[in-house]
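Welcome! Please take a moment to look over the sequence and the model below, and then follow the tour topic by topic.

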Amino acid sequence: MKKKIIGVIAAAAALVLLAASVVITGENEYSLIRRFGKVDRIIEHAGITFKIPFMESADKIPNQLLLYDLPESDVITMDKKTMIADSYVLWRVAEPLKFAKSLNSSISNAEQRIDAAVYNATKNVISNMTQNDVIAARDGELQEAVKAGVGTSMDSYGIALETIELKQLDLPEDNKAAVYERMISERGKIAATYQAEGDSEAQKIRNTTDKEVEIMLSDAEAQAAATIAEGEAEYMQILAEAYSDEGKAEFYSFVRSLEAAKASLTGGSNTLILPADSPIAEIFMNQDQTAQ
């Protein structure tokens, strides 16, 4: 009976001793093995390892990407305007030994350091920019500047900042309306400038086009005048040739007399009085004599 009791006690002691010796490290954590309170070694890979019971203890540190949401804070721009910054940080423990020694393996202590570093960097960056510049740069340039401002300040804690994002960078409610009105006014002035430049350029184009049209019309009129002059010269040449022939000259004189008579009878009840010896009267008189 005593042997059985001793066996049970020995087995229980062995189990306790085994449990105190085994260290199980997960995929998303580090195991820090401390010997009499001092870090002796770090287990960075998942699996089962062993430690000396009662002499060594194991602490866990997260080995994954962590999120810290900073509280909203007021920052002052270069032109003394207040803005509200709301940011978050994605970070991880890059060097667990430094993290354990400097921050006692505390996530809360780490977040306090991150909060101070990011806030100071944000404040310094925005204090060197006007409010308009801050608003224009908040799509990406600003957070890059903040990350550069934090720099390597977290390295001494074994912390790596993967991302610093500005969730919101806004104006206090009491001066939003005034700022927006000023921005609208400034954009209106810029638009008016562009409009004036466009109108000026359009007027230049119109003036140039009008001048080109005038030149083209002048050239066309000169060409038309030259064509008319050529036609008249050719007409006069034809008349000259016609009058050089005696037979043709009589005929053309007769035609011109008819045209003159026709022109004098245009426009109403007119009477044409011709002398008896005129060529036209002779024609009519000859026609009458023929009819008799």
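## Salt bridges and the rest of the fold

The structure holds 9 salt bridges. Keep in mind as you read that this is a predicted model. The chain has 292 residues, and 26% of them are buried. Its secondary structure consists of 8 helices and 9 strands.

**Salt bridges**

- Let us begin with Glu29 and Lys60, whose side chains meet in a salt bridge with an N to O distance of 3.7 Å.
- Glu29 belongs to strand E2 and Lys60 to strand E5 (residues 56-62), so this pair ties together parts that are 31 residues apart in sequence.
- Lys60 is partly exposed, and its relative accessible area is 38%.
- Another salt bridge brings together the side chains of Glu56 and Arg41, at 3.1 Å from N to O.
- Since Glu56 is in strand E5 and Arg41 is in strand E3 (residues 38-43), the pair ties together parts that are 15 residues apart in sequence.
- Are these two partners buried or exposed? Glu56 is buried, with a relative accessible area of 4%, whereas Arg41 counts as partly exposed at 29%.
- The side chains of Lys167 and Asp69 also form a salt bridge, with 3.0 Å from N to O.
- Here Lys167 lies in strand E9 and Asp69 in strand E6, so the parts tied together are 98 residues apart in sequence.
- Lys167 is partly exposed, with a relative accessible area of 44%, and Asp69 is partly exposed too, with 43%.

**Strands side by side**

- Val75 is found opposite Met83 in E8.
- E7 and E8 make a hairpin with 5 residues between them. In the turn, Lys80 has a positive phi of about 65°.
- How many bridges link E8 and strand E9 (residues 159-170)? These two strands pair in the antiparallel sense over 10 bridges.
- Across that pairing, Arg92 stands opposite Ala160 in E9.

**The nonpolar core**

- As general background, nonpolar side chains in soluble globular proteins tend to be buried together.
- The largest nonpolar core of this model has 37 residues, and Trp91, Ile114, Leu142, Ile159 and Leu161 touch the most other members.
- Several elements give two or more residues to this core, including strand E2 (29-35), E6, E8 and E9 among the strands, and helix H2 (96-103), helix H3 (107-127), helix H4 (131-137) and helix H5 (141-150) among the helices.
- Which element gives the most to this core? The answer is H3, with 7 residues.
- Leaving aside its neighbours within four places in sequence, Ile114 is in contact with Tyr68, Val89, Trp91, Met154, Ile159 and Leu161.

**A closer look at Thr122**

- Thr122 has its place in helix H3.
- With a relative accessibility of 4%, Thr122 counts as buried, because buried means under 20%.
- If its neighbours within four places in sequence are left aside, Thr122 is in contact with Val75, Ala85 and Val146.

**Contacts and surface**

- Among contacts between residues at least 6 apart in sequence, 61% join residues at least 24 apart.
- The accessible surface of the chain comes to about 19,700 Å², and carbon and sulfur atoms account for 57% of that.
- Which residues make a nonpolar surface patch of about 360 Å²? Met1, Ile5 and Ile9 do.
- One of them, Ile5, lies in helix H1 (residues 2-21). Ile5 is partly exposed, with a relative accessible area of 44%.

Technical notes. Residues numbered from 1 in each chain as written. Predicted model: local features only at pLDDT ≥ 70, side-chain atom pairs only at ≥ 80, totals over all residues. Heavy atoms only, no water. Helix = DSSP H or I, 4+ residues; strand = E, 2+ residues; numbered from the N terminus. Buried < 20%, exposed > 50% of the residue type's maximum accessible area, 1.4 Å probe, protein only. Contact = heavy atoms within 4.5 Å. Areas by Shrake-Rupley, 256 points an atom, 1.4 Å probe, with all protein chains shown as cover. Pairing = 2+ DSSP bridges. Patch = residues over 30% accessible without salt bridge, like charges linked within 9 Å, V, L, I, M, F, W, Y side chains within 5 Å. Salt bridge = Lys/Arg side-chain N within 4 Å of Asp/Glu carboxyl O. Core = buried A, V, L, I, M, F, W, Y, C linked by side-chain atoms within 4.5 Å.
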